[in-house]
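Subject: Structure handover

Hello,

Please find the structure below. My notes on it follow.

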Amino acid sequence: LTNTEVDANFTNLNTGKAELSGAVFTGAITTNSTIDGRDVAADGVTADAALPKSGGAVTGDISFGDSDKAIFGAGSDLQIYHNGSHSFLSNTTGNMYIQDDGYVEIGSQSGEVYIGAVKDGAVNLRYDNVTKLATTSTGISVTGNVISASLSSTSTGRYHYIQNAAGNETYPVYSFQGDTNTGIMSDTADTLSLVTGGDTRVKID
């Protein structure tokens, strides 16, 4: 706009021009300065490239600063953010579901698996990327030692059994924490041996 297009009171533009109090523009607006303090040209976002408020497809990355959150839900129920040191997935309403029709895995960026779950199959818990406990169709399978404060069965069937390897005098199949060469073993079929200090003291056959 030129000075001659604005009257002395700066309240109205000349005939055919928009009023300063507001108007509808039907053409392009060009400025060599800023609008509301924003340098529109430097922003570099055209109307065609902007994401409509009603929704649309994002074709590039969305970057969030530290502690800036992606928030979902009317009550800010689900929040995803990084605080500069740690990352958070926080839900404050209802349950959180992670759903997949094949395989769900929690692990490290290097590929080491912590937990792996297969649809209609096993759930595997790993230690140092080696499966130590896996669910099966009949119960669980454990690789390694089990340390438990107690062991009980709620089955009302006729048979209750615990099966293990035969063991030997150095490592009886049932031993004690801190005294692994003292316990009970069965080194041959239909026998039962009591072992202390790595030597058989009583053998029943």
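Predicted model: local features only at pLDDT ≥ 70, side-chain atom pairs only at ≥ 80, totals over all residues.

Strands here are DSSP runs of E with at least two residues, numbered from the N terminus.

Nonpolar patch

At least two of the patch residues come from β11 (192-196), and at least two from β12 (199-204). L194 belongs to strand β11. Its relative accessibility is 38%, so L194 is classed as partly exposed, the class between the cut-offs of 20% and 50%.

Strand β1 (residues 70-72) and β2 are antiparallel and are joined by three bridges. In this pairing F72 is opposite L78 of β2. The β1 and β2 hairpin has five residues between its strands, and G73 adopts a positive phi near 95° there.

On its other pairing, β2 runs antiparallel to strand β3 (residues 87-91), with five bridges. Y81 faces F88 of β3 across this pair. Four residues separate the strands in the hairpin of β2 and β3, where G84 has a positive phi near 100°.

Which residues of strand β2 (residues 78-82) are on the covered face, and which on the uncovered one? Q79 and Y81 make up the covered face, while L78, I80 and H82 make up the uncovered face.

Regards

Definitions and conventions
Residues numbered from 1 in each chain as written. Heavy atoms only, no water. Buried < 20%, exposed > 50% of the residue type's maximum accessible area, 1.4 Å probe, protein only. Pairing = 2+ DSSP bridges.
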